[in-house]
Structures are given as structure tokens and as C-alpha cells.
Amino acid sequence: MNGPTDSRLRGWLATPVARALLALALMLVIGCVFNADGAFFRWSVHRDMLRQVSVFGILACGMTVVILTAGIDLSVSSVLALSAVGFAWLTLPMGWPAVWAIPAVLVIGTALGSVSGMLVARMRIQPFIVTLAMMVFARGLAKVVSGGQKITNYVTGADGVAHLVPMPRIFGLIDSRVVGGNVSIVTLVFLACVLATWIILARLRLGRHIYAVGGNEEAARLSGVPVARTLIVAYALSGLMAAVAGICQAAQEMQGDPETGMGYELDAIAMVVIGGTSLMGGKGSVTTTLIGVLTIGYLQKILSLNAAPEATRLMLTGAIIICAVLFQRGRDR
Amino acid sequence: MRVILRRSGSRPGGMALVAAGAVVLVTACAGGAPKKHAGTAEDPWVIGMSQCNLGEPWRVQMDADVRAAAEKHSNLKVIFKDAQNSSLTQRAQVEEFVDQGVDLLIISPKEAAPLTQPVAAAYQKGIPVIVLDREVQGDQYTQFIGADNVRIGREAGRWIRETLGGQGKIVELEGLMTSTPGQDRHQGFLEGLDLEHNPGLQIVFTGEMKWLEPDARTEMESALATNDHIDLVYAHNDPGAHGAWLAAKAAGREGEMKFVGIDGLPQEGQQYVAQGILDATFLYPTGGDVAIDEALKILGGQQVEKKIVLGTRIFTKDNIQQGGQPITN
């Protein structure tokens, strides 16, 4: 019975991707059991789940890159809020067309990420502290830009009188669905982010540098890897992803809310870790992050469909994160 | 007696605080009671307004209401502070206001237990205190002004029962159910619906959206997936109702049902009603304007009631242009 096919299968089953997939499959089985009167078997439920996790998933892509360098980025939720507010502010009261507003917001997000990266790489401050500070700073900036209020299509004009302006088309466009109403645009944005991250990590020299820095920074330095530059680019990428997520968030909420996204960084970290990426750096991939995103997305959807009480949801989510990580560690302890 | 001058934090008017503090310092050194202002345009009364959290739009509105009401009176000056959702910060702010010798203190406390003592200390030093929205324990304050969430929930429930004609499937999207407003808006809603005598009414889905719009949208998607027909969505706040509408719209089902929210902020719920997104919203008044009216009475030496319960107002498509309809009973 120990033919070559069998051993190859066993070998594959021991890979992080296979284990992450098994966890996801288990979650789907749970969904089939607790199907809320058959609701779980309808495509619209899965479509909505994919829309709902997209913003988290985009954050998780950037988070994967940073965690691979043995860092962490706590600022993503605040950069998301700042980007949502910035996007709403530029397109609504300022009346900028989307083709200008989107790049501007992306540049701001990337810039904030670069600042974090520079403080980590050049000033040698711990990533946790740097991004904690950036988290507080960006949230404050979001409140300054918005004046503490949500930015909606109810705009105060030059005459001091507030009036309704038509919602720019870009909001509805990002929040719409394609392929016969079966796939949300934000889900496509999420998948594009996964693809871009995968290309960077698996196909570019930058990706090899990221793994090298996270695996052993000193060894990477000695073998000629530009450590500082790699770190800065990693945090800049995370900032860029947070800005993308912020635009998606604003479009879905039809407003720029300075309070939005509170705590999203923890969801993003959980999604990365469930996928099997090590917080110690150097080990992991965006493919497993994608599976982690889906696993948590399904968990939340199943709990919501069954109208589980909030307390139950929190306890189950905590327990399942631990189970998934243990499952992921499996035999290579 | 020594007076310690504190930095005033991030609010504008810091210079005024330092100036006010300096006045107290001088008078305190002279050994008398803190000097009160005359209440004229040259020497206006100074009111300290301690807000527990300006992160919430409703509380931003409360400060705006206080500011707008105070600007009508040249003999009043209000100093605003934001405790940023920290009881200890708010406690320090109350003590600062006392040290600075304000003529009257308005506080919207974050929570009762940690702020009861500082409020009582200010009150015992002869500073009148108006407590807004959330109560403190005991009776060591001048006046409490607040709305009644149970009553507002009951009015919403009653309106829903009458609008649906006692027949229909309802989704309830709850605020944070560990918070008193969430519990009260739920309890009042059930009282107003009176399910016992209206068997045709049915709550088909309940989800906790924790006051958050994205969470409301997610919960509503589940409600839509598990129910082929929904007649009405009742959300404990307007962002929740708006999130539900977004979900229904994405499913192409927004015309099937009505949407009802609570809070009725001018730039939020009232706008949603004006745009035809919500069918009704019920005002949760901030009391900011009432607080200034009452403050003037107190400073003028009049006796005021110990407790004022604010009424609510309903906003619908028909009355939104007239500023809503007060509910009195």
C-alpha cells in the first residue's frame, strides 16, 4: 500500500496549504450541518461572505508581507480609516474625479507605510511600537481631515448651507457586482491584491529578500540583501493595501467614517496566522492567508446566519483560532 | 490654598483656560471664595462642558447644540473638553474646571461610578452641575437632563405596529446589548409592539450589530438569506438602519420592506429620511440646547427641576421638511 502515489499524497497533506485547506473544508462541513434552513446552500450567501471578508482580506495581504519580515503592522485599521475619510473628502466636498482621488489616497497610504518602515529599518524601533504609534497618529489624522464627523454626500457649501450632492459614481461602481450579479467588485479587488502579493513573494527578487530578512536578518545582511530597503518596501506595501481597503470600505459604507475599521488589524493578523504564516517571520505564504481569510469569513457567516448571540460568537471565534493554529502546527512540532 | 494650573489638553480655548486659572490663582491667594463672573458681556459667565467622547457623532452634535445655544447669549462663555472615552481623564477635567473657577459645570459623564465623587465634590464647592444624558449616582448635582431610551423604543414599536397594521415580519438589528441604550431600545420596542395582542407580528431575525454600519450590513445579509420576505427592519440606530438598507439594495429587495432607525441626527438619520432611505427615525435628543437654557436659569438664581426627561420626535417623509413631529404623551 506504500506506493509512490500514496507517499506523495502524504507529503502533500503535511504542507501548510493542505492543512489550511483541511481547516477550511472542516468549516464548510460545519456550515452544511448548521445550514440555517438551507440558506448555506445558496450562492448569494457565499457571495455576500466574499464581499464581507474582502476588506479584511486586503489588509491581510499586506499583513502577510510584514509578518514574513518578522514584523507586525497594527496601523492598518487606522490607515484604512484615514484612506476612507480621505477618499470621501476628495470626491465629495472637494469634488475631485475618482481618477485623481484614488491615486492620491494610495500615495498617502503608501507614504504612511514607508514612514513606519523607515522607523523600523533605520531607527531600529520595534515594529510593534512603531505601528502602534502610527495607528494612533493615523486615527487622529482621520479625525482632523473629517472634522470628527462622517463625510457623506450632505455637503456644506461655500455659503455655509448644507445640501445634498449626488453620490459620485465611483462609490456605486466599487460596491456593485459583475458576472450576472454573482461577484462583488470588492472581491475582485481582494483577489487582485492576493495575486499581486503572490507575484511579489513568489516570483520577484524582492520576495526572496523578504523571506531572507524574516528568516535571519543577520544572515541576510551578510549575504548582501538590502535589509533596510526590503523592510521599508514591506511596510509601504502594507500601507498601500490598507489604502485600497479604505477606498473599498468608503464605497461600501457610502461615506467616510473616521471611526471605521476599529480592531480590523486583529482580524487581519488572525487570518494570516490561521493560514500558517509564522509570527517569527520567514515562513508562510499569501496562498495560505487567502485560505485563512475564507476560513474566518465562513466562521463569521455561519454564526451570523444562525443568529448566534454575540457572546457565543466571540468565544467560538477565539477557540477556533487556537484550534486552527494547533491543527496547522500538526506534526512538525 | 494652592491652585495647580494644568495644561488644558487639545481643545481650543486653552489660553482662556490659563487666563481663567490665573484669575482663580489671584483670588485664591487673596483667601476668599473663588470669584464668580458677573454674567455681563464684559465679564461673561464661564461654563465648563465636559464631554465623555467626541468620537461619537451624536456627542459631536451635543457639543454643537450647546455651542449654538450659547452663542445666542453674549454673557456666556463655554469651555469644551473631550475626555476621549476615559473616565479618569473626565475626572481630571472636572477637577480642572473646579480649579479654574467656572461658574457652572455641564458634564455628560462616561459612566456613573467613577464620576459621581468628582461631580459631588464640585457641587459641594458651590458650583452648579448639570448632568447630561447619562446619570451619576446619588443627588449631589443640580439637575439631570436626559432622554428616555425605553420610551423612544416604545414609540418606535408602537409606530411600527400601527404602520404594519399588526401584521408582518420584522428584523431587529440591535446595538451593543451590554450597553443600557441597547437594552432599553430593545425593551421599549417589545413593549410598543405588544406581540401578545398582535400575533400577526413576528420578529423573524435578531442580530447584534453593535451600533456599527458594516456589521449591520453583514447581519442584514444573513436576515435576507434566511427570510424570503421581510416587511420591516428596526435598527437601534440610524447607521444600523442605513447598513441594512445597503444590504437590501444590494440584494435588490429594498423596495420590499420599510426601514426604521433611532437617533435622528440632522446630518445622518434626518438626511436618510429626506433621501427616502429610511421610512422613519426617532430623535434621541442631545439636550445641549436645553442645558444652556437651564444653565441661564440657574446662574440667574432661579430654582430648577432636579430632573428633566426630554421628549422625542418622529421624522418621516411627510414631516421632514417641517423638522419632524414631536411626540407628546
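Student: Which residues in helix 8 of chain A meet residues in helix 13 of chain A?

Tutor: In this predicted model, V194(A), T197(A), W198(A) and L201(A) of helix 8 meet V286(A), T287(A) and L290(A) of helix 13. By class, that contact has five nonpolar, two polar and no charged residues.

Student: Why are helix 8 of chain A and helix 13 of chain A called roughly antiparallel?

Tutor: The two helices pack at an angle of about 155°, with their axes 9 Å apart. Angles over 145 degrees count as roughly antiparallel, and helix 8 and helix 13 of chain A are therefore described that way.

Student: What makes the radius of gyration of chain A agree with that of a compact globule?

Tutor: For 333 residues, the globule rule gives a value near 20 Å; chain A has 21 Å, which agrees. Along the principal axes, the C-alpha atoms of chain A fill a box of roughly 80 × 60 × 35 Å.

Student: What share of chain A counts as buried, and what makes a residue buried?

Tutor: A residue is buried if 20 or more other C-beta atoms lie within 10 Å of its own. Of the 333 residues of chain A, 51% count as buried.

Student: How many residues of chain A are in contact with chain B, and which helix of chain A gives the most?

Tutor: The number is 21 residues of chain A, in contact with 20 residues of chain B. Helix 3 (43–68) and helix 13 (286–305) of chain A each supply at least two residues of that side. Helix 3 gives the most, with four residues. By class, the side of chain A that touches chain B has eight nonpolar, six polar and seven charged residues.

Definitions and conventions:
Residues are numbered from 1 along each chain as its sequence is written. Chains are lettered from A and ligands numbered from 1 in the order in which they are written. This is a predicted model: local features need pLDDT of at least 70, side-chain atom pairs count only at pLDDT 80 or more; totals for chains, interfaces and linings use all residues. Two residues are in contact if their C-beta atoms, placed from the backbone, lie within 7 Å. Ala, Val, Leu, Ile, Met, Phe, Trp, Tyr, Cys and Pro count as nonpolar, Asp, Glu, Lys and Arg as charged, and the others, Gly among them, as polar. Axes are lines fitted to C-alpha atoms, for helices over the stretch in contact, and angles run from 0 to 180 degrees between N-to-C directions. Angles under 35 degrees count as roughly parallel, over 145 as roughly antiparallel, 65 to 115 as roughly perpendicular and the rest as oblique. The radius of gyration is taken over C-alpha atoms; the globule rule is 2.2 Å times the number of residues to the power 0.38. A residue is buried if 20 or more other C-beta atoms lie within 10 Å of its own, exposed if 12 or fewer, and partly exposed in between; C-beta atoms are placed from the backbone.
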